[in-house]
Amino acid sequence: MPKNVVAQIREAAVALADAPRLPGARKLTGYEGYRVRVGDYRILYEIDDVAGRVRIYQIGHRKDVYR
């Protein structure tokens, strides 16, 4: 991944800790969890409201991340 994208993904991941349902985050269809877009990359994650946790389970390019 390009360095600038890595920095953007890191920023988005930190923001998820404070607000897991960011503007632009979408519930996934056919999968468990949510996704947030960072350029051509996607962060796929689950929210555990009871424990107050966000678990990122995949980060990848949009053409590969859903496979």
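Hi everyone, let me start with D40, which counts as partly exposed because its relative accessibility is 40%. On the terms: buried is under 20% relative accessible area, exposed is over 50%, and partly exposed lies in between, with a 1.4 Å probe and protein chains only. What we have here is a predicted model, where local features need pLDDT of at least 70 and side-chain atom pairs count only at pLDDT 80 or more, while totals for chains, interfaces and linings use all residues. Residues are numbered from 1 along each chain as its sequence is written, and side-chain values use heavy atoms, with hydrogens and water left out.

So, what does D40 pair with? Its side chain meets that of R62 in a salt bridge, at 3.8 Å from N to O. This pair links distant parts of the chain, with D40 in the loop between strand 2 and strand 3 and R62 in the segment after strand 4, 22 residues apart. By salt bridge I mean a side-chain nitrogen of Lys or Arg within 4 Å of a carboxyl oxygen of Asp or Glu. Helices (H or I, at least four residues) and strands (E, at least two) are DSSP runs, numbered from the N terminus. R62 is partly exposed too, at 46% relative accessibility.

How many salt bridges does a search of the whole structure find? Four. Another one joins D49 and R21, whose closest N and O atoms are 2.9 Å apart. D49 sits in the loop between strand 3 and strand 4, and R21 in the loop between helix 1 (3-18) and strand 1 (26-27), so the pair ties together parts that are 28 residues apart in sequence. D49 is exposed, at 55% relative accessible area, and R21 is partly exposed, at 46%. R67 and D64 also form a salt bridge, at 3.9 Å from N to O. Here R67 is exposed at 76% relative accessibility, and D64 is partly exposed at 39%.

Now for two arginines without such a partner. R42, in strand 3 (residues 41-48), is buried yet has no salt bridge, and the nearest side chain of opposite charge, D40, is 5.6 Å away. For charge, Lys and Arg count as positive and Asp and Glu as negative, with His and the chain ends not counted. What does the side chain of R42 reach? The backbone oxygen of G39, at 3.0 Å. That is a polar contact: a pair of N or O atoms within 3.5 Å where, within protein, one must be able to donate a hydrogen and the other to accept it, and residues adjacent in sequence count only if both atoms are side-chain atoms.

R35, in strand 2 (residues 34-38), is likewise buried with no salt bridge, and for R35 the nearest opposite charge, D40, is 11 Å away. Leaving aside neighbours within four places in sequence, R35 is in contact (heavy atoms within 4.5 Å) with residues including R42, Leu44 and Y66.

R42 also touches Q58, a residue of strand 4. Q58 is partly exposed, with a relative accessible area of 30%, and its side chain reaches the backbone oxygen of V65 at 3.3 Å. Q58 and E32 are 26 residues apart in sequence and 12 Å apart in space, C-alpha to C-alpha.

Last stop, I56: strand 4 (residues 53-61) holds this residue, and I56 is partly exposed at 35% relative accessible area. Thanks, everyone!
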